[in-house]
Amino acid sequence: MQEELHKIAREAFQCLMQAGFDDAQVVAKMEDCNELEVVNNKPSLFRTTSLPKLQLKGIVDHRKATTGLPFIGLQRLKTVAEDLFLQAKSTPQDEAVFVSEEQEHTFSQGPKEADKSLMVERIQELFAFRESETPSTNISQGGLQHKHRQSVLLSSRGSHLSADHGWYETILMAVGKRGDQTSSLNYSFGSMFSISNPLVESFGFRALLEEAPKQIQTVKVPEPFTGSVLMTPGAALTFISFLDKQLRGKALLSKTSLFMEQLGQAVASPLFNVFHHATAPGHAPHSSDGYMIEDFPILRDGTLLALLADRYISRKCHITHRPSGDCFSVQNGSLRKNDLLSNIERGALVGRLSMGSPGANGDFSGVIKNSFLVEKGRRGDALSETMISGNVAQMLKDIDGISVEQIDFGAYSTPFIRIPNLVFS
Amino acid sequence: MELNQTLLPTDSQYAELRKHRVQMKRLSMIDGNILQNSTDETHGLNARVFHQGCWGCAASPFLTATNAERIGRIAKDNARSLMMFGEPKKLAAGSVRLEHLSERKPAWSPAEKIDFLHAINDIAIKKYPRLRSTSLMLIEEHHEKELINSYDAHTKVEIARSMLYLNPTMLNRSQEPIALFDILDGRGFIADLDLTMEKVEQRLEQLYLWLLDKTEAVPARAGKVDCILGSGITGILAHEALGHPCEADLVLSGSVTSNLVGERVASDLITMVDFAHTYNDTLLPVPVLADDEGVEAKDVVMVEKGILKGFMNNRETAEEMGVAPTGNARGYMFEDEPLIRMRNTLILPGTSNLEDMIADVEDGYLLLKTANGQADTTTEFMFGIQLGYEIKNGQLGASIKDTTVSGIAIDMLQSVTAVSDSIKVTSAGYCGKKQRMVVSMGGPALRCSINIGGC
């Protein structure tokens, strides 16, 4: 397939240059997926898909046009290239438009073929565990997928990137069920190179299945109060999502990022360290705009060290170009999670945060789900209809404890994180 | 490539083949800079087979008879690989043959779209110098589907929708960014929306005034409050709070609605329907005449005068529940299997006047804009509030900061004491449930009691 992708990419590239573009960039990719889906405690669907994609970018006189399409024959490709040229000519000039320059890399990783019978075996095993160990938990939805992605990028400025990688992904959504009563839905997910271990031992799945029945009976907080949260690794992904939006793209271009002017400054607690990783299961070390990416720290001891400006943003906003992907980790700390819990006078252990996107300034309020009341350091009843309010940027500064324990979700890794001074209602 | 019955895999309980093409056009601009100007197209075939209680599915982009037969074989093999888990099961019957394709106005060219956005950006710069940034986006999305199945269905349908997205940002007194957005959206392409600069200017002016109010926003008072939910919010309430818990796959997986048919779940002022395609003789934004299982799409009355009446089904859940399928099974892209999805989910209007509803609130909030929401099997829901105002003694007061409202849908809907007499329908959103899906939602303004986050 790699040879075929190279051929398709070269043909598309030649069509663009022949159409009259000054610069061109082509990405040809193919993704094969085998998926075993589960619904209501049993497998319900096995799906096999092949998705090819051709992405064309052409620049003429600092005017850019792009299109994405399936693999089509050469004759149609010539017509598409000509139409794209006309589209570019009618687009305003922008000195910041670009194609990838002088990037040369070949990447290969992970299992390229799905082990379908092992996938079926792992799902059988998961259901056997549920039935024998956690019969009061319903697996409402879930799945196990194998993906194999191959891609080739060519540009008129000397870039040639190719990737050929395979991996597995899984997701589990479960509720506790007792008669007519049900708990709140909880879920976890992850990506990995191997399914040699039982699924229940990964990504917090065991805890998710075991805890669900304990969340059927719930209480509400009797009155609003200010207290601390201990966010589980799943809930702590909220911080990664917030930082990701603030440090790149639209937030930088529109100058609405809270952190744009704060490189080198303390933006979070000195306990908080965040890293960007070039690769993970499902992620090649190539940015979406065609640049090699590396491991680097984003926050060290709470100090902001990097903005994630892609090539366009860097040229437009005169910020250092920092190619990046979507793989982040929050470094674990030195305290055990039980110790973090025992120091909470009043608050909650938060399994999941259900909320809209925080406001542009970081203000938010959200419903805490799959959560437990904590009073005088002890975990109590499961909570329902409970909200917390605050400001995410302030929360980063207020972090006062990070656990040794963490969950590696594949592309992300997060520990338990404790934050004080949140309003509960 | 025309579909015909000979392309279907044989020796299976049920088989279907769907040809599906999606074209998406996106033009986004931030402060006059074009961030994205792309046309993306995907097309392909999806074969699905049901055998002994299990589904096998395969999809491929190549539109040839040979490929249709190949993926049919793979789908059959995939179903058989799960046979150890399945048990003999029937699927609900019923099939339809129809074609529904719409006429469109001549499309705007890429240059016309760019000029249009530049004109809006110029207005924003000239008339509203306090704006920090203006983001604009034009989106057109077009789905064309053809389906055949072993129950003799043959359908050709399409859905097109488009939107203009306005998102200005300002700095508040503390120099923090505050943002709002508004969407002009509807069925068809941009040319079918009848977008005029006058309409756009009115919306931009209103957004600007709201943003000015938000610069002085105060935190909401946390707790259970008396609220008027604006008609721009009621749609998402319908979708999240009770729509998802009435999808039969979630019902069978443990939603609390499973034992509540015939019971009161809302005030008798509330009637909620998932319309297939038409309301009040008007074609709705997401008209589904037949779903992706070849079932004729019917309206589903979920709640009638407060009583839970029924659920949205596909063939499999309909058979399990002993009811007729409702035509709610849809897949988003060609590679996606059909899942039970909402279509046009509306709470029906009442008889109250909105101004009177506001005047009746002694101490509460008028909530006008939301960004997104989520639902739960317990019917606990949440949605974010981007724009709201205090109501004190029947008068509107200060704007409130971004917050979230939540509640148990059944409790909250039973607290509704007034429903306004007009309805707003929006088709700008996507529903997320393993795959995204084009949906529309809407409703009137409601007076109710709801939890609000704040200080």
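Below are my entries on helix packing, salt bridges and one glycine.

**Entry 1: the model.** I am working from a predicted model, so I keep to features that pass the confidence cut-off of pLDDT of at least 70.

**Entry 2: a helix pair in chain A.** I started with helix α1 (residues 2-19) of chain A and helix α2 (residues 74-89) of chain A. I get an angle of about 45 degrees between them, and the axes are 9 Å apart. Angles from 65 to 115 degrees would count as roughly perpendicular and those under 35 as roughly parallel, so I call α1(A) and α2(A) oblique to each other. I noted the crossing of α1(A) and α2(A) as right-handed.

Which residues of α1(A) and α2(A) meet? From α1(A) I listed A:Glu11, A:Ala12, A:Cys15, A:Leu16 and A:Ala19. Facing them from α2(A) are A:Leu74, A:Leu77, A:Lys78, A:Ala81, A:Glu82, A:Leu84 and A:Phe85. Sorted by class, this contact has nine nonpolar residues, three charged ones and no polar ones.

**Entry 3: a helix pair in chain B.** Next I took helix α2 (residues 110-127) of chain B with helix α3 (residues 197-214) of chain B. Their axes come within 11 Å and cross at roughly 40 degrees. I wrote down α2(B) and α3(B) as oblique too, with a right-handed crossing.

On the α2(B) side, the contact uses B:Phe116, B:Ala119, B:Ile120, B:Ile123, B:Ala124 and B:Lys127. On the α3(B) side, I found B:Met197, B:Val200, B:Glu201, B:Leu204 and B:Glu205. The class count for α2(B) with α3(B) is eight nonpolar, three charged and no polar.

**Entry 4: salt bridges.** How many salt bridges are there over all chains? My search of the whole structure turned up 57. I looked at a few of them.

A:Asp94 pairs with A:Lys316, and the closest N and O atoms are 3.0 Å apart. A:Asp94 sits in the loop between α2 and β4 (104-109) of chain A, while A:Lys316 is in helix α7 (residues 311-317) of chain A, so this bridge ties together parts that are 222 residues apart in sequence. Are the two partners buried or exposed? A:Asp94 is buried, at 9% relative accessible area, whereas A:Lys316 is partly exposed, at 26%.

I also checked A:Asp244, which bridges to A:Arg248 with the closest N and O atoms 2.8 Å apart. A:Asp244 is partly exposed, with a relative accessible area of 21%; the cut-off for buried is under 20%.

B:Glu16 is in strand β1 (residues 14-30) of chain B and B:Arg48 is in strand β2 (residues 33-51) of chain B, so to speak distant parts of the chain, 32 residues apart. Both B:Glu16 and B:Arg48 are buried.

**Entry 5: a glycine in chain B.** I finished on B:Gly235, which is in helix α4 (residues 231-243) of chain B. B:Gly235 is buried, with a relative accessible area of 2%. What does B:Gly235 touch, leaving out residues up to four places away in sequence? I found B:Met441, B:Gly442 and B:Gly443. I also looked at B:Ser267, 32 residues from B:Gly235 along the chain, and the C-alpha atoms of the two are separated by 17 Å.

Notes. Residues are numbered from 1 along each chain as its sequence is written. Chains are lettered from A and ligands numbered from 1 in the order in which they are written. This is a predicted model: local features need pLDDT of at least 70, side-chain atom pairs count only at pLDDT 80 or more; totals for chains, interfaces and linings use all residues. Side-chain values use heavy atoms; hydrogens and water are left out. Axes are lines fitted to C-alpha atoms, for helices over the stretch in contact, and angles run from 0 to 180 degrees between N-to-C directions. Helices (H or I, at least four residues) and strands (E, at least two) are DSSP runs, numbered from the N terminus. Angles under 35 degrees count as roughly parallel, over 145 as roughly antiparallel, 65 to 115 as roughly perpendicular and the rest as oblique. A crossing is left-handed if the near helix is turned anticlockwise from the far one by less than a right angle, and right-handed if clockwise. Contact means heavy atoms within 4.5 Å. Ala, Val, Leu, Ile, Met, Phe, Trp, Tyr, Cys and Pro count as nonpolar, Asp, Glu, Lys and Arg as charged, and the others, Gly among them, as polar. A salt bridge is a side-chain nitrogen of Lys or Arg within 4 Å of a carboxyl oxygen of Asp or Glu. Buried means under 20% relative accessible area, exposed over 50%, partly exposed in between (1.4 Å probe, protein chains only).
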